[in-house]
Amino acid sequence: FFIFNTKEPLPYEVQNLTAAEEIVFFSNANQFLKSLDTGEAITKLTQLKRLTIGAYGLTSLHPDFKNLKNLEYLDLSSNCFQNIPDILTAENFPNLHSLVMSANQRNTIYDLSNDIRENIGGFIEDTGLKRFKDLLKWNKLDTLRLSVNYLQGEIPDMMDEGLPVWTFEELKDSIAVKTVVDGKTVWKEATELPEKLQNLPKVLPNAKFFAVNFNRLTGKVPDWILYHPHLDFWTPYSLIFSQEGKTRDGVSAGFTNEPVSLDYYYEHYVNKKWNPNKTN
């Protein structure tokens, strides 16, 4: 369902789509002016695997939204959420592996300290990044996109959150790497995970896509990001390190320890450094 104009929750008729595995609602007129709930009808479709409710004007999810336990992909981007809904947890959505909640700003405000508007969206109410931290504990997620919001503060280091850590046993395991030397195939043992990871928390260990760019994040980039096994997949200079504007305290967004390049990373992940003689 694309390009419509409603001030109501999702239409009750949607509950009749009992065979649907994927449903998309996108582009409600003047969505940034609205404050809508999903309504109950969509929560009846417990067989849904993929759901997009984008640019609708949502500020809340119906309490029965947790009935959608078969969801694998959920896109709630371009809405008006003031906070990340409490209902979005690993316990409520055990099969979810992809969560997209980008661009929930009602208005683009560069300097939050110089603006008095209320209800601006963008997770502005996530004080202390509590809900953001909860999502970082969701170890089954392979995609988490929270770009273009008003998340403020320092990305938590997650050291005291009870997460499992990378162990020596995991780090010492080796994989066989096939290389071509002088025209001959040679198998070499090479460590995949670097020693630098030892005792770091396993934050989003399965994530192949992580994006928090164009928020108002500040402080240091934690080591769990700087040495994450999938950092090179995340395109960090575009999708993590790029922040913009000022926080409500007037602090300019951006990180104090943003690396100049990923050379440091490839010094630890020697197998990932591109080698013209290496084949899969």
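Author: Start with a term: a salt bridge is a side-chain nitrogen of Lys or Arg within 4 Å of a carboxyl oxygen of Asp or Glu. The model is predicted, so local features need pLDDT of at least 70, side-chain atom pairs count only at pLDDT 80 or more, and totals for chains, interfaces and linings use all residues. Residues are numbered from 1 along each chain as its sequence is written, and side-chain values use heavy atoms, with hydrogens and water left out.

Reader: How many salt bridges does the structure hold?

Author: It holds eight salt bridges. One of them joins Asp86 and Arg131, with the closest N and O atoms 3.4 Å apart.

Reader: Where do Asp86 and Arg131 lie?

Author: Asp86 is in the loop between strand 6 and strand 7 (98–100), and Arg131 is in helix 1 (residues 130–136), so the pair ties together parts that are 45 residues apart in sequence. Helices (H or I, at least four residues) and strands (E, at least two) are DSSP runs, numbered from the N terminus.

Reader: Is Arg131 buried or exposed?

Author: Arg131 is buried, at a relative accessible area of 4%, while Asp86 is exposed, at 60%. Buried means under 20% relative accessible area, exposed means over 50%, and partly exposed is in between (1.4 Å probe, protein chains only).

Reader: Which residues are linked with Asp86 in a network?

Author: Salt bridges link Asp86, Lys130, Arg131 and Asp134 in a network. Within it, Lys130 forms a salt bridge with Asp134, and their closest N and O atoms are 3.7 Å apart. Both lie in helix 1, four residues apart, about one turn of the helix. Lys130 is exposed at 55%, and Asp134 is partly exposed at 25%.

Reader: What does Lys133 pair with?

Author: Lys133 forms a salt bridge with Glu161, the closest N and O atoms being 3.4 Å apart. Lys133 belongs to helix 1 and Glu161 to the loop between strand 9 and helix 2 (168–172), so this pair ties together parts 28 residues apart in sequence. Lys133 is partly exposed at 22%, and Glu161 is partly exposed at 26%.

Reader: Why can such side chains pair at all?

Author: Side chains of opposite charge can pair when their charged atoms come close.

Reader: New topic. What order do the strands of the open sheet have?

Author: The open sheet has seven strands in the order 1-2-4-6-7-8-12, with parallel pairing. Its edge strands are strand 1 (2–4) and strand 12 (209–211), each pairing on one side only. Two strands pair if DSSP finds at least two bridges between them.

Reader: How many bridges do strand 4 and strand 6 pair over?

Author: Strand 4 (residues 50–54) and strand 6 (residues 73–75) pair over three bridges, in the parallel sense. The bridge partner of Leu51 in strand 6 is Leu74.

Reader: Last one: where is Ser147?

Author: Ser147 sits in the loop between strand 8 and strand 9 (152–154), and is buried at 8%. Not counting residues up to four places away in sequence, Ser147 touches several residues, including Met101, Ala211 and Asn213.

Note on methods
Contact means heavy atoms within 4.5 Å.
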